[in-house]
Amino acid sequence: MLFRDEPWPDGTPSWVDLMVPDQAKAVAFYSGLFGWDVQAGGEETGFYGMAELSGRPVAGIGQTPPGQDLPPVWTTYLSVSDVDKTAAAITEAGGRIVMPVMEVLKEGRMAVVADPAGAVFGLWEPGNHLGTQVTAAPGTLAWNECMSRDYPAAKAFYEQVFGYGFQDLSNDDFTYAVLLLDGRPVGGLGALPDSVPAEVPSNWSAYFSVADADASAAKVAELGGRALDQPFDSPYGRQVRVVDDQGVPFLIIAPNEQSGKPEGWED
């Protein structure tokens with residue numbers, strides 16, 4: 001288990017949160033799956049829940065505001081040092097602003113935006129809240145990736161706005177690149193395969209670390225969710241796509257023989 005006490009570099013996925021119709025139900029599900037201790041904020045935060053491990057934040061769980069017909073989804077936030085400047089760069093690069101820049105008490109400043117292919121993500125300029133502060137342990141954020149309906153447009157957009165480099169992993173079966181900042185992998189960008197139904201939009205998704213992918217998939221089902229496929233081994237870990245008990249998709253991934261355990265990993 002590794003702790004972080006400083007802001008994440010610009011362009012790094014630094015936070016994820018979940019907005020759902022039934023916050024209490026989500027808290028019970030994810031606490032049961034990941035062992036999170038979720039601390040609810042006050043009325044001024046909309047009773048936003050801060051999920052913690054070892055007393056440090058790892059993710060957020062909120063209630064969909066009344067009267068807003070928002071799809072329940074895990075949102076990936078990219079860390080930025082100037083949210084206004086980044087929001088302007090996003091529109092200049094062909095993206096759009098979904099939710100304009102706003103102050104979040106003294107915790108930071110944020111906006112929700114979309115790339116030219118329609119994938120929605122957040123921007124987080126840290127104040128008191130830096131983002132996730134725990135990594136390399138079950139229940140922590142492991143990876144974030146954007147799967148796009150227009151890979152060339154998305155690639156050009158993220159390079160222009162965030163200065164990413166790309167490590168191409170594509171082959172005849174798929175198109176995918178690792179997003180690099182100063183040569184360091186921070187996320188992924190891929191093309192949605194033709195086999196994916198047309199109603200599935202471009203999207204950012206979150207992977208969470210677990211000790212055992214098969215056991216965690218079984219736990220998801222026990223808690224009222226379901227696995228969308230069978231766990232499989234990859235060079236990066238054993239993984240499976242699942243949905244929670246309110247239909248929200250996410251992925252879980254566990255170290256395997258090919259991946260090895262990351263530095264600082266604690267079960």
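Let me begin with two helices: helix 2 (residues 83-92) and helix 3 (residues 151-162) pack with their axes 10 Å apart, at an angle of about 145°. Axes here are lines fitted to C-alpha atoms, for helices over the stretch in contact, and angles run from 0 to 180 degrees between N-to-C directions. Helices (H or I, at least four residues) and strands (E, at least two) are DSSP runs, numbered from the N terminus.

On helix 2, the contact (heavy atoms within 4.5 Å) is made by Thr86, Ala89, Ile90 and Glu92, and on helix 3 by Phe157, Gln160, Val161 and Phe162. Sorted by class, these are five nonpolar, two polar and one charged residues. In this scheme Ala, Val, Leu, Ile, Met, Phe, Trp, Tyr, Cys and Pro count as nonpolar, Asp, Glu, Lys and Arg as charged, and the others, Gly among them, as polar.

A word on the basis of these values. This is a predicted model, in which local features need pLDDT of at least 70 and side-chain atom pairs count only at pLDDT 80 or more, while totals for chains, interfaces and linings use all residues. Residues are numbered from 1 along each chain as its sequence is written, and side-chain values use heavy atoms, with hydrogens and water left out.

I turn now to charged pairs. How many salt bridges does a search of the whole structure find? The search finds eight, a salt bridge being a side-chain nitrogen of Lys or Arg within 4 Å of a carboxyl oxygen of Asp or Glu.

One of them joins Arg56 to Asp5, with the closest N and O atoms 2.6 Å apart. Arg56 lies in strand 5 (residues 56-63) and Asp5 in the loop between strand 1 (2-3) and strand 2 (13-20), so this pair ties together parts that are 51 residues apart in sequence. Arg56 is partly exposed, at 23% relative accessibility, and Asp5 is exposed, at 55%. Buried means under 20% relative accessible area, exposed over 50%, and partly exposed in between (1.4 Å probe, protein chains only).

Arg109 and Glu125 form another salt bridge, at 3.4 Å from N to O. Because Arg109 belongs to strand 8 (residues 108-114) and Glu125 to strand 9 (residues 120-126), the pair ties together parts 16 residues apart in sequence. Glu125 is buried, at 17% relative accessibility.

Arg238 and Asp233 also meet in a salt bridge, at 3.0 Å from N to O. Both count as partly exposed, Arg238 at 21% and Asp233 at 43%. Elsewhere, salt bridges that share partners join Asp84, Glu103, Arg109 and Glu125 into one network.
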